[in-house]
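Morning, everyone. I have a short walk through one structure for you today. Please bring it up on your screens.

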Amino acid sequence: MVTSLDKVDVVTVGVGWTGGIIAAELAKQGIQVVGLERGQNRTTEDFQYIHDEYRYAMRYGLMQDASKETLSFRNNKDERALPIREWGSFLPGEGVGGAGVHWNGQTWRFLPYDLQIKTMTDEKYGEDKIGSDYTIQDWGITYEELEPYFYKFEETTGISGEENPLGAPRSNDYPTPPMKGTLILNRFKEAAKSLELHPIQSPSANLSENYENPDGQQINACQYCGFCERFGCEYGAKSTPNVTVVQAAKQTGNFELRTDANVVEILHEDGRATGVRYFDVKTGEEFIQPADVVVLTSYVFNNVRLLLLSELGMPYDPESNTGVIGKNYCYQIMAGATGFFEKEKFNTYMGAGALGASIDDFNGDNFDHSDLDFIHGGVISISQTGRRPIASNPVPKDTPAWGSKFKEKSLHYFNRSLSVGAQGASMPHKNNFVDLDPTYTDAHGNPLLRLTYDFTEQDRKLQEYLSARAAEIMEKMGADIVEKRTMAKHYDIVPYQSTHNTGGHYGR
Ligand SMILES: Cc1cc2nc3c(=O)[nH]c(=O)nc-3n(C[C@H](O)[C@H](O)[C@H](O)COP(=O)(O)OP(=O)(O)OC[C@H]3O[C@@H](n4cnc5c(N)ncnc54)[C@H](O)[C@@H]3O)c2cc1C
Ligand code: SF4
């Protein structure tokens, strides 16, 4: 039996950063909002005294349970996709706060170029710079229009950072000063400066000092505990949705949070959403929640899947290049270089999720691409997140992958290796998309979302270029062995790369 509930003004599907922000801003205006979140509630107290690498970092204690909710994957449209049984390449979040609970907290702004990439690329380099298979387009909103909202986010979350000479223009300073420098970060900065680059302390949601945000929430100073990425913060020092915007929404009295609520359909009439259908995942009860507005805040994969399952919008067809739902799925490419030091040791086990130093010299269109056969770039950084003992075994390439030699080198280099990394922007390509899987279904009999994705030529060239720049910095840092990161022949769902899945429902 389906229970029909009283109508509300707005429903958000999912309560992570996007759901929390929208709920808080609307609730402050007196609008009644219900947040439906299929995971559980999470508070700072839940994380006290549990620096458990195995539970959180290896067994993904805070992430979506792939045995219940997953997607299928293939490299190209001629392959049969198979369900992802265990996360690897990316780690979708679950529960109140979503992936924002266990994020690192690096808080970059888009560059003006990102938002008007088609126009700016065409104007500077001509219309066929990367070819028509890459479906780049402008966002339809400029950086200038967005700038106040970037700052509003930074003010709400108390971001710690400093002026970046090559970053996007800012109308205000960061609300809190940058995080502490360390031997590792200082070494990177000195090396970058010697190459006439422009290093800065990375902007961070691990706060450098105690801070009260405009909504009255207290965020504490980071303790540099080193159990940040993939973990919740036991000190209330990482700006996450559940210590900021979700609290702000609740304190208005206009926000109701319903956990264990799995939305399976967007209801609509004449092309207009009228509410959602959801199940209580604990009792199995089915509900209809009518609403004037339904906001999809359930992350790329779930947003697209709900649109497709609900038959809203025109599905993307890569053959005819028509439709928009599922189009322009994008990811990131991981470039970089690792340095092995024989004579020096570093405290790599210390750190914080977003403790790092970065350069924007090779990001966006900050460098000339006239003689390069790719566009865009990426931030190059050194991150000191706190090296985790189970997951981290940095060894030079010629080391055996197991056995006594591997153990010896792994122990030797644990504190004698550093990595400079870059998250390169991948461009949308007509063959990279998401749609509904024709074979595999979930517990309700609904098709899984199917991801079709592989690296492109543009990705490979950018990866090679950024890795070479990272290696130059690492050499200047004084490493005895420098190894550039290479790229797999095809994208795979292992190992971990980044949880920056983007696109999926955009297009002309
Ligand atoms: C380890 C890690 C480190 C990261 N570090 C950074 C970083 O340093 N900087 C950065 O900018 N980004 C980082 N990210 C990415 C960032 O955390 C995410 O992009 C961001 O949190 C996504 O927010 P969201 O609200 O869009 O989605 P999510 O946080 O995924 O929230 C969506 C919510 O919707 C819920 N949901 C999904 N489907 C349904 C449904 N059908 N019904 C009801 N609820 C549903 C989910 O349970 C989830 O709680 C990191 C991610 C990971 C995993
Ligand atoms: S490093 Fe800082 S922000 Fe991150 S979990 Fe530890 S105390 Fe919290």
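First, a caution. This is a predicted model. Please keep that in mind throughout.

Let's start with the record.

Now the ligand. Which residues come nearest to ligand 2? They are Cys222, Cys225, Cys228, Cys233 and Tyr235. They belong to a set of 14 residues around ligand 2. What is that shell made of? By class, 9 of its residues are nonpolar, 4 are polar and 1 is charged. As for the space itself, ligand 2 takes up the largest cavity.

On to the sheets. Take the one with 4 strands. It is open, and its order is β5-β4-β18-β17, with mixed pairing. Look at the edges. β5, residues 82-83, stands at one of them, and β17 stands at the other. Each has a single partner strand, so one side of each has no neighbour in the sheet.

Now find β18 in that order. It covers residues 447-452. Is β18 mostly enclosed or mostly open to the outside? Of its 6 residues, 5 are buried, so the rest of the structure largely encloses this strand.

β18 has two pairings to look at. Take β4 first, residues 71-74. β4 and β18 run parallel, over 4 bridges. Two residue pairs show this on screen. Leu71 has Leu449 as its bridge partner. Phe73 has Leu451.

Then β17, residues 433-441. Here the sense is antiparallel, with 5 bridges to β18. So where can you see the contact? Go to Thr441: its bridge partner in β18 is Pro447. β17 and β18 form a hairpin, with 5 residues between the strands. Within this hairpin, Gly445 takes a positive phi near 85°.

One general point while we are on strands. In a regular strand, side chains alternate between the two faces of the sheet.

Zoom in on the β6 end. β6 pairs with β14, residues 351-359, over 2 bridges in the antiparallel sense.

Now some backbone details. Most residues other than glycine have a negative phi, and most peptide bonds are trans.

Tyr49 comes first. Its phi is positive, near 60°. You will find Tyr49 in the loop between β3, residues 33-36, and α2, residues 53-58. Is Tyr49 buried or exposed? Its relative accessibility is 76%, so Tyr49 counts as exposed. The cut-off for exposed is over 50%.

Asn321 comes next. It has a positive phi of about 55°, and it is not a glycine. Asn321 sits in the loop between α8, residues 299-309, and β13, residues 332-340. With a relative accessible area of 43%, Asn321 is partly exposed.

From Val494 to Pro495 the bond is cis, with omega near -5°. Pro495 lies in the segment after β19.

Two more residues before I stop. Gln463 is in helix α10, residues 457-476. At 4% relative accessibility, Gln463 counts as buried.

Then Val243. This one is in the loop between β8, residues 218-219, and α7, residues 245-251. Val243 has a relative accessible area of 15%, so it is buried. From Val243 to Ile266 is 23 residues in sequence. In space, C-alpha to C-alpha, Val243 and Ile266 are 29 Å apart.

Note on methods:
Residues are numbered from 1 along each chain as its sequence is written. Chains are lettered from A and ligands numbered from 1 in the order in which they are written. This is a predicted model: local features need pLDDT of at least 70, side-chain atom pairs count only at pLDDT 80 or more; totals for chains, interfaces and linings use all residues. Side-chain values use heavy atoms; hydrogens and water are left out. A residue is near a molecule or strand if one of its heavy atoms lies within 4 Å of it. On a 1 Å grid over the protein atoms alone, a cavity is a set of points where a 1.4 Å probe fits but cannot get out, and a pocket is an open set with protein on both sides within 12 Å along at least five of seven lines; lining residues have an atom within 4 Å of a point. A molecule sits in a cavity or pocket if more than half of its atoms lie within 2 Å of its grid points. Ala, Val, Leu, Ile, Met, Phe, Trp, Tyr, Cys and Pro count as nonpolar, Asp, Glu, Lys and Arg as charged, and the others, Gly among them, as polar. Buried means under 20% relative accessible area, exposed over 50%, partly exposed in between (1.4 Å probe, protein chains only). Two strands pair if DSSP finds at least two bridges between them.
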